[in-house]
Amino acid sequence: QLEVLHMPLPQLNVKVSQLRSNLPTVVYCGSGYRSAIAASLLQAAGFEKVYNLMGGMQAWESRQCGCFEPAEMVYASQSE
């Protein structure tokens, strides 16, 4: 089951209890900076499968080739 939520980084600590920590979680932002912070916060909250979209939406939108699949831009958090 896929669930998509928009959650600004400043609200993450307050709303983390609304998220399901047992599901794989992908985070992304515009540049990848805030999502790296979000991934770290989720790990600290006990999420085991946290993934970050490398380079954020800027990288996603600027990709010029079909030489890789979207999943290749997502990397696992260091706890895995």
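Predicted model: local features only at pLDDT ≥ 70, side-chain atom pairs only at ≥ 80, totals over all residues.

Student: OK, how many helices and strands are in the protein chain?
Tutor: Three helices and three strands, running α-β-α-β-α-β from the N terminus on. Helices (H or I, at least four residues) and strands (E, at least two) are DSSP runs, numbered from the N terminus.

Student: And how much of the chain is buried?
Tutor: Buried residues are 22% of the 80 in the protein chain. Buried means under 20% relative accessible area, with a 1.4 Å probe and protein chains only.

Student: Which residues make up the largest nonpolar core?
Tutor: Nine of them: L12, V16, L19, V27, A38, A39, L42, F47 and V50. Helix α2 (residues 33–44) gives the largest share of this core, three residues. A nonpolar core here is a set of buried Ala, Val, Leu, Ile, Met, Phe, Trp, Tyr and Cys residues joined through side-chain atoms within 4.5 Å.

Student: What is L19 in contact with, leaving aside neighbours within four places in sequence?
Tutor: L5, M7, L12, L42 and F47. Contact means heavy atoms within 4.5 Å.

Student: Switching to T25: buried or exposed?
Tutor: T25 is buried, because its relative accessible area is 15%. T25 is placed in strand β1 (residues 25–27). Leaving aside neighbours within four places in sequence, T25 is in contact with R20, L42, F47, K49, V50 and Y51.

Student: Now the largest pocket. What volume does it have?
Tutor: About 840 Å³. The pocket is an open set of points on a 1 Å grid over the protein atoms alone, where a 1.4 Å probe fits, with protein on both sides within 12 Å along at least five of seven lines. Its volume is the space filled by probe spheres set on the points.

Student: Which lining residues lie nearest its centre?
Tutor: L5, T25, V26, V27 and Y28, out of 25 lining residues. A lining residue has an atom within 4 Å of a point.

Student: Which element gives the largest share of that lining?
Tutor: α2, with four residues.

Technical notes. Residues numbered from 1 in each chain as written. Heavy atoms only, no water. Buried < 20%, exposed > 50% of the residue type's maximum accessible area, 1.4 Å probe, protein only.
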